[in-house]
2 protein chains.
Amino acid sequence: MSIGEFELIRRFFNRPPRRFDVVEGIGDDCALLKPQAGKCLAMTVDTLVEGVHFLPGTNPENLGHKALAVSLSDLAAMGAAPAWVTLALSLPETDENWLGGFANGFRSLADHYGVELVGGDTTRGPLSITVQAVGLVGEEGALRRSSARWGDGIYLTGELGLAGLGLEILLGNSALQVPEAVAKLERPQPRVNAGLSLAGFANACIDVSDGLAADLGHILKASGVGATLDWTALPMPSPVRQYIEMGGDEWMPLRAGDDYELCFTVSTEREDALVSRMADFGSSCVRIGRIDQQMGLRLRKGGGVFDMAAMGYKHFTNGA
Amino acid sequence: MSIGEFELIRRFFNRPPRRFDVVEGIGDDCALLKPQAGKCLAMTVDTLVEGVHFLPGTNPENLGHKALAVSLSDLAAMGAAPAWVTLALSLPETDENWLGGFANGFRSLADHYGVELVGGDTTRGPLSITVQAVGLVGEEGALRRSSARWGDGIYLTGELGLAGLGLEILLGNSALQVPEAVAKLERPQPRVNAGLSLAGFANACIDVSDGLAADLGHILKASGVGATLDWTALPMPSPVRQYIEMGGDEWMPLRAGDDYELCFTVSTEREDALVSRMADFGSSCVRIGRIDQQMGLRLRKGGGVFDMAAMGYKHFTNGA
């Protein structure tokens with residue numbers, strides 16, 4: 001490497017902490033953090049490996065953004081306010097342009113949500129990024145997967161399938177020109193404010209990282225319930241509808257990951273208050289179905305009801 | 001992969017949490033943790049990459065132990081009591097024997113110190129292990145690098161150079177047969193109890209991961225002081241002395257990393273109480289030198305004083 005590890009960290013990532021709860025930031029054996037009294041910590045870790053989670057040659061600024069976004073999305077799915085992150089970066093070589101771009105993308109998103117990078121490790125090795133994020137949430141308000149109840153409305157923030165379309169375009173499987181689809185794949189917006197608005201209000205919540213069918217499936221399994229979705233209610237943007245009309249996989253919006261929207265359930269008596277509550281946090285959502293007593297996941301489409309398990313439910317999950 | 005990610009995590013790592021402060025362990029979008037009121041969090045992250053930090057073919061049980069040990073060592077160097085860890089594991093393929101061994105080594109050490117694995121991510125990719133660890137420490141008791149004071153005694157737990165000798169043996173650079181040297185390299189014992197005994201008592205502390213000269217150098221730089229070490233006081237076990245007598249690099253014990261001992265400084269008026277205080281925690285240490293007003297790191301050896309900066313101080317650091 002042309003510059004040493006310590007110099008590299010200093011140049012691109014060190015700066016005085018901005019959060020009052022960071023007693024010591026980068027530079028000692030550990031960071032020292034002072035959590036807010038009475039709050040729980042929500043903690044998550046995610047790894048992105050070149051060639052597995054992103055294509056070789058991905059723009060480093062987008063990658064810096066996405067590496068942090070996927071962890072903030074997990075915090076959002078618990079209803080937690082993001083606080084501190086660490087970054088473990090394996091790099092085959094020290095490319096200062098690449099690092100500068102990566103750091104810019106990472107820092108911009110961190111600053112937007114007031115998140116502080118408090119520790120890291122840089123090593124030589126195949127390109128791989130591991131981000132651990134810690135957020136704060138009241139114990140009672142935390143959003144679990146296991147708390148969906150019979151009769152709950154099932155809601156989704158944002159739209160479905162755009163990131164999946166972006167991947168199809170990047171892989172050359174679709175001739176559509178949809179820059180916003182590629183942008184949604186490469187620079188997903190974690191639904192942090194939506195998560196905060198749902199803490200203590202929604203029953204169950206998950207972020208859509210592996211595809212709606214798979215991720216909602218985790219809620220159903222953990223909660224011991226089933227669900228029926230309405231095809232017409234799925235918020236598919238027009239390029240996704242166009243992709244399907246042109247012969248693309250019609251299940252793609254249910255199967256594709258990387259949308260990083262929140263899928264959550266709300267008790268019927270709270271549904272009327274939901275929209276205005278989310279609007280107060282600058283967020284919005286649509287209802288896409290309802291929790292049933294009958295186990296399994298069903299889809300109402302064109303007058304019929306498809307049993308997604310019988311259709312090969314496993315095929316809706318991404319490979320590990 | 002022959003078994004999916006969720007199944008893999010479940011089989012090798014899931015179990016009901018044992019710590020009362022783990023509200024939710026593995027299985028949701030985030031772990032939920034309830035930190036002890038009034039304590040600070042000490043947080044650290046370390047990555048081990050095959051071919052960089054360990055040799056290909058390293059025994060998986062030893063690797064599971066070491067991946068956790070290096071992070072617990074960072075917590076010890078802050079005087080923190082280890083609490084929760086996350087594990088991000090990149091594997092080229094799913095080898096159940098390898099995973100079983102790795103999980104055994106990891107879990108044994110975690111159980112020994114009452115640490116709970118609360119989250120993880122497994123991905124396909126070149127073999128790489130990232131562990132993040134969080135410990136608890138009082139804000140006033142936390143051991144920084146920047147608090148060494150003129151006149152402090154400089155102390156070291158355990159012995160020096162044994163891990164370095166182990167690496168020389170594994171690389172075929174030494175014909176000595178010293179199983180305990182290889183064991184010290186592959187299964188380092190983090191000085192958790194020593195760190196707890198030093199919290200609020202020592203002035204500055206660091207763990208020896210990059211070599212004593214480099215790591216003590218971090219304390220000196222952060223504290224704005226210098227130091228003189230006594231060669232005869234360095235606690236080198238007989239195989240290390242034998243390695244030097246047989247023509248091996250005499251600076252190896254100062255240069256080699258991976259010992260994971262604690263190097264710390266103590267005010268003169270507290271030195272008398274140090275040994276019995278550490279003994280109460282089942283630990284011990286020796287004095288190897290003293291903090292000077294004069295900047296830089298010096299070594300008293302054979303009647304002379306060597307300026308380690310003039311000798312090429314940078315050469316005592318491992319490459320990044």
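**Domain organisation of chain A**

Chain A holds 10 helices and 13 strands (DSSP runs numbered from the N terminus: H or I of at least four residues for helices, E of at least two for strands). The model is predicted: local features need pLDDT of at least 70, side-chain atom pairs count only at pLDDT 80 or more, and totals for chains, interfaces and linings use all residues. Residues are numbered from 1 along each chain as its sequence is written, while chains are lettered from A and ligands numbered from 1 in the order in which they are written.

The radius of gyration of chain A is 20 Å, which agrees with the value near 20 Å for a compact globule of 320 residues (taken over C-alpha atoms; the rule is 2.2 Å times the number of residues to the power 0.38). Along the principal axes, the C-alpha atoms fill a box of roughly 65 × 50 × 30 Å. Buried residues make up 53% of the 320 (buried: 20 or more other C-beta atoms within 10 Å of the residue's own, with C-beta atoms placed from the backbone). Of the contacts with a separation of 6 or more, 85% join residues 24 or more positions apart (contact: C-beta atoms, placed from the backbone, within 7 Å).

Chain A divides into domain 1 (5-137) and domain 2 (153-311), with bounds from an automatic or database domain assignment. Their centres, taken over C-alpha atoms, are 27 Å apart. In domain 1, 20 residues contact 18 residues of domain 2. On the domain 1 side, α2 (60-78) and β4 (81-91) each supply at least two residues. The largest share, 11 residues, comes from α2(A). This side comprises 12 nonpolar, 6 polar and 2 charged residues (nonpolar: Ala, Val, Leu, Ile, Met, Phe, Trp, Tyr, Cys and Pro; charged: Asp, Glu, Lys and Arg; polar: the others, Gly among them).

Methods
Buried ≥ 20, exposed ≤ 12 C-beta atoms within 10 Å, placed from the backbone. Contact = placed C-beta atoms within 7 Å.
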